[in-house]
Amino acid sequence: TLSDRLTSVLQNLRGKGRLTEADIDATAREIRVALLEADVALPVVRTFIAKVKERAKGAEVSQALNPAQQVVKIVNEELVGILGGETRRLNLAKTPPTVIMLAGLQGAGKTTLAGKLAKWLKGQGHTPMLVACDLQRPNAVTQLQVVGQRAGVPVFAPEPGNGVGDPVDVARKGIEEAKRAQHDVVLVDTAGRLGVDEEMMRQAVDIRAAVQPDEVLFVVDAMIGQDAVNTATAFADGVGFTGVVLTKLDGDARGGAALSVREVTGQPILFASNGEKLEDFDVFHPDRMASRILGMGDMLTLIEQAEQAFDADQAEAAAVKMGSGQLTLEDFLEQMLALRKMGPIANLLGMLPGAGQMKDQLAGLDEKHLDRVQAIIRGMTPAERDDPKMINASRRLRIANGSGVRVSDVNDLVNRFFEARKMMSQMAGRFGLPGAGGKNN
Ligand code: GDP
Ligand code: MG
């Protein structure tokens, strides 16, 4: 995963947390691979990486984040921006009914989406109606009727037994019926083909012209990856659309299609479908998609929390001390308090790249234990916190009595502290934290 790869970049980054050109290049290279693995189209990746590099070069050096994290943060912000930033809402007509036409390849998920949208709209107090304009496949009308029944909304379909009807005619009549029955939203389901096809496009264009939709939603399967760009371009040129819906996000697709389609067509993504059931549907969230594409939601969360919780100067000073093995119990207490502000320790550990190896050593650090540790350190004099080596047997007894714990607890803490100090010093070396290597820096 990108997290793993970035861990190795992190380990190679040395020095004072400055964004050098080499740091940016190394991180950008990993992110480029991640985007390609997420099926983002190559030209889109190129433009995107160029933009990120430009911005990273001009970025101020962050004290809360290391260079790789800082580049990741920029990448994420740019991704969210390209994916639309704010959620784009449905355009509703000033005079109802609002007409929404669904277009896309066969199997993209249009009919399913019609049901999902209808249910969602109904939940918001609308009175939607579905119109069955896919007369291509024998079961398409029945499928829409089943979906409409589940969603609890009426379906307008051609009378059975009249042979194959004309979808444009059905569309027109459907709108008339919606007006008559005072439905405020009409969802027009259309036929797709397995591939881009002229007749399908012509039919979609004719339906569009007949019903004058307020929205044409291009429905695209997130699993088709690189093909999404060609398909989207063909639909944009052939029919034209005002928004995108991504489906099958419950699969293992990394969502690169979203970025490509958005970037290539310039049209916003409105909704995301993530399952076969009518409830498996959501308004599209650019931030969630960005972290899915990057495949590092956990690291992004960590970055956010690190920025919020850490006093940058204090963190820097502590990092230097950690790396040089001069950490005191006072620092330890401060760091622990800062860390605890960020949430439960176990969660934090899971987010740290490379933290897997530390898990055993830190397994005992449950929250109650941390409370006790805090109490013990607070029971020490400043001199003792500063130089834990001076904490002899009689001092241990005094501290234990003062903080209401057993002497063995104090022993435990002091021993663990010395162990942790040693480990941090070694870790700092691996991650290139400032101060690493003690005398050498
Ligand atoms: P259409 O040809 O564009 O109308 O596509 P359908 O709505 O008939 O969907 C094609 C197939 O994909 C059906 O089996 C649906 O159940 C399935 N499907 C649609 N949306 C999703 C989704 O978000 N996730 C999953 N897993 N399956 C979906
Ligand atoms: Mg269909």
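Entry 1, terms. I count two strands as paired if DSSP finds at least two bridges between them. Helices (H or I, at least four residues) and strands (E, at least two) are DSSP runs, which I number from the N terminus. I am working on a predicted model, where local features need pLDDT of at least 70, side-chain atom pairs count only at pLDDT 80 or more, and totals for chains, interfaces and linings use all residues. I number residues from 1 along each chain as its sequence is written, with chains lettered from A and ligands numbered from 1 in the order in which they are written.

Entry 2, the sheet. I looked up one pair of residues and found D221 opposite T247 in β6. Strands β5 (residues 215-221) and β6 (residues 243-247) are parallel partners, joined over 5 bridges. In general, strands of a sheet pair through backbone hydrogen bonds, either parallel or antiparallel. I then traced an open sheet of 8 strands with mixed pairing, in the order β3-β2-β4-β1-β5-β6-β7-β8. Because β3 (155-156) and β8 (281-283) stand at the edges with a single partner strand each, one side of each has no neighbour in the sheet.

I took residues as in contact if their C-beta atoms, placed from the backbone, lie within 7 Å. Axes are lines fitted to C-alpha atoms, for helices over the stretch in contact, and angles run from 0 to 180 degrees between N-to-C directions. Helix α8 (residues 198-211) packs on the sheet and touches β1 (98-103), β4 (185-189) and β5, its direction making about 175° with that of β1. Helix α10 (residues 256-265) also packs on the sheet, touching β5, β6 and β7 (269-273), and its direction makes about 165° with that of β6.

I found α9 (residues 227-238) packed with α10 at an angle of about 35°, their axes 9 Å apart. Residues A228, V229, A232, T233 and A236 in α9 meet A257, S260, V261, V264 and T265 in α10. I sorted this contact into 7 nonpolar, 3 polar and no charged residues, where Ala, Val, Leu, Ile, Met, Phe, Trp, Tyr, Cys and Pro count as nonpolar, Asp, Glu, Lys and Arg as charged, and the others, Gly among them, as polar.

A residue is near a molecule if its C-beta atom, placed from the backbone, lies within 6 Å of it. I listed 17 residues around ligand 1, of which G109, K110, T111, T112 and S273 come nearest. Helix α5 (residues 110-123) gives the largest share of this shell, 3 residues. The shell divides into 1 nonpolar, 11 polar and 5 charged residues.

I noted a cis peptide bond from P96 to P97, with omega near 5°. P97 is in the loop between α4 (67-82) and β1.

Key: Contact = placed C-beta atoms within 7 Å.
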